Amino acid sequence: MRFEVVKTIDSDYKRGCSRLDLWFYGQQNEGFIYFEDVFFGLKNQILLKNLVGETELQVTKSCLWLDKFYPPRSRQSIQNLISSIDRIHQIQKGNLYVHAACVSSDDMTILISAYPNVGKTLSTLQFLKEGWKYISDDTVLINNQGYAFLTAFPSAIGYEDFLRFINPSDIGRWRFFQKLIRAKIHHLNKAIERVTKPPMIKLADLYPTKTSAKVDMVVTVEIGPRRIKKLSLSELTEKITNINSYSLGRINNPLIWAYSYFNDDFSVNKIENNEKTNLKDFLENCGGEFYSLACNDWNWIKVFKEIGIRIQ
């Protein structure tokens with residue numbers, strides 16, 4: 001994608017166009033959507049071209065300035081738009097993002113999908129301490145051939161897990177104690193815990209990583225009475241689709257939908273159907289067993305040992 005921040009965009013894009021709502025302008029099958037609105041006396045303009053092919057995106061500086069304070073609901077944030085475009089491009093290439101952790105050893109790679117705050121980062125830390133390599137602990141890029149790719153994000157780590165898995169030598173003593181104090185305050189104050197995040201650490205900077213790997217096993221995890229249940233392909237596809245819908249949401253940027261309205265060669269609904277197809281193809285190409293796992297004590301390593309995973 002070619003992304004450009006400009007002072008202004010030529011308003012001639014409105015000439016001869018139809019208008020959707022108050023802000024979106026386009027022409028049938030011309031391969032663009034133009035957005036224009038005025039906030040606090042500043043003209044916000046966005047031009048999106050060629051979602052099928054080499055995408056071009058121009059935004060005015062005023063859009064980025066406004067996004068620092070309150071992205072308008074009429075267009076959502078520029079970051080949301082860029083993320084939506086990236087997601088579309090990945091789907092078009094046979095890839096997709098899955099809300100999951102992924103770890104790899106010399107002879108096995110496991111993808112662990114779950115709702116937020118269930119145990120993706122914690123289970124990743126437990127595996128990393130046992131010598132496994134990091135691929136992701138939050139949202140991982142996979143493809144329809146069964147491969148997962150290194151997708152690193154800053155991770156929210158609670159106080160007890162911070163003490164257990166992070167050492168001063170990992171991030172420096174001063175930074176370590178700064179984050180430790182913040183984690184402790186966050187841990188002790190439930191009001192703060194609900195409105196702020198614990199310290200963020202990028203695990204890919206602390207542990208060995210693997211750039212890509214063929215996935216051998218896919219599981220979902222949840223907090224509850226200990227349970228190990230084998231899943232069929234269709235059952236696991238439904239569970240991960242459910243997790244993704246909640247955690248990642250639909251492609252919901254207003255400019256993307258307006259573009260889809262004017263251009264017959266691009267359909268959001270078709271893209272989302274392709275995303276489901278990519279997921280099913282990924283699971284079919286993994287070739288391993290599928291499980292739904294649950295435990296109440298957060299000891300994920302113990303549960304994985306029960307299904308035959310060899311821990312170093």
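**A pocket, then a strand and its partners**

Guide: The second largest pocket holds about 310 Å³ of space, and of the 13 residues that line this pocket, Ser83, Ser84, Arg87, Tyr97 and Leu248 are the closest to its centre. A pocket here is an open set of points, on a 1 Å grid over the protein atoms alone, where a 1.4 Å probe fits, with protein on both sides within 12 Å along at least five of seven lines, and lining residues have an atom within 4 Å of a point. The volume is the space filled by probe spheres set on the points, which are joined across faces, edges and corners.

The model is predicted, with local features needing pLDDT of at least 70 and side-chain atom pairs pLDDT 80 or more, while totals for chains, interfaces and linings use all residues. Residues are numbered from 1 along each chain as its sequence is written, and side-chain values use heavy atoms, leaving out hydrogens and water.

Helix H2 (residues 78-92) gives the largest share of the lining, six residues; helices (H or I, at least four residues) and strands (E, at least two) are DSSP runs, numbered from the N terminus.

Turning to strand E4 (residues 32-39), seven of its eight residues are buried, meaning under 20% relative accessible area with a 1.4 Å probe, protein chains only. E4 runs antiparallel to strand E5 (residues 42-49), joined by eight bridges, where two strands pair if DSSP finds at least two bridges between them. Ile33 has Leu48 in E5 as its bridge partner, and in the hairpin's turn, which has two residues between the strands, Phe40 has a positive phi of about 50 degrees.

Definitions and conventions. Buried < 20%, exposed > 50% of the residue type's maximum accessible area, 1.4 Å probe, protein only.
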